[in-house]
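Please read them beside the sequence and the coordinates.

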Amino acid sequence: HLDVVTADCRTKMVDWSYKIVDFCHLNPDTVAIAMNYLDRYMMITSTNTNTKSTDQHDDFVICHADRNDVDASTRMDRCTFQLASMACLYTAVKIHEPA
């Protein structure tokens, strides 16, 4: 599937986040915080998804950056992954950057 989210997708979102932070003259540590939020969200989503039955045709598989096995995967398409990444960056900026 072209819509499968991989570790490369996460890397691209990290790079994009650093570009945004650099452009806005924010602390680069904010990206690390945002990715921590994203990873924690993905772990929760993975736990919740693995307990439910899902239709393989409706959902796509995302593998965590440090693992490639399907057991540690979450069902999510790329658009949803990008949205979650941007929401985590937004949240990290709002919490950790001065007004």
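1. Cys 88 is buried, with a relative accessible area of 10%, where buried means under 20% relative accessible area, exposed means over 50%, and partly exposed covers what lies in between (1.4 Å probe, protein chains only). Cys 79, by contrast, is exposed at a relative accessible area of 61%. The structure holds zero disulfides, a disulfide being a pair of cysteine sulfur atoms within 2.5 Å.

2. This is a predicted model, in which local features need pLDDT of at least 70 and side-chain atom pairs count only at pLDDT 80 or more, while totals for chains, interfaces and linings use all residues. Residues are numbered from 1 along each chain as its sequence is written, and side-chain values use heavy atoms, with hydrogens and water left out.

3. The mean pLDDT (the predictor's confidence in each residue, from 0 to 100) is 79 for the protein, and 68% of the residues reach 70 or more. Over residues 52–74 pLDDT stays under 50, and for this stretch the model has 46 contacts beyond four places in sequence; contact here means heavy atoms within 4.5 Å.

4. The protein has three helices and two strands, arranged along the sequence in the pattern α-α-β-β-α. Helices (H or I, at least four residues) and strands (E, at least two) are DSSP runs, numbered from the N terminus. Of the 99 residues of the protein, 32% count as buried, and among contacts with a separation of 6 or more, 65% are between residues 24 or more positions apart.

5. Two packed helices are described by the angle between their axes and the distance between the axes. Helix α1 (residues 7–23) and helix α3 (residues 78–96) pack at an angle of about 35°, with their axes 11 Å apart; the axes are lines fitted to C-alpha atoms, for helices over the stretch in contact, and angles run from 0 to 180 degrees between N-to-C directions. The contact involves Cys 9, Arg 10, Met 13, Trp 16, Ser 17, Ile 20 and Val 21 of α1, together with Arg 78, Phe 81, Gln 82, Ser 85, Met 86 and Leu 89 of α3.

6. Ser 85 and Met 13 are 72 residues apart in sequence, yet their C-alpha atoms are 6.9 Å apart in space.

7. Thr 45 lies in helix α2 (residues 29–50) and counts as buried at 14% relative accessibility. The C-alpha atom of Thr 45 is separated by 9.2 Å from that of Met 76, 31 residues apart along the chain.

8. A last point concerns the backbone. Most residues other than glycine have a negative phi. His 25, although not a glycine, has a positive phi of about 55°. His 25 lies in the loop between α1 and α2, and at 73% relative accessibility His 25 counts as exposed.
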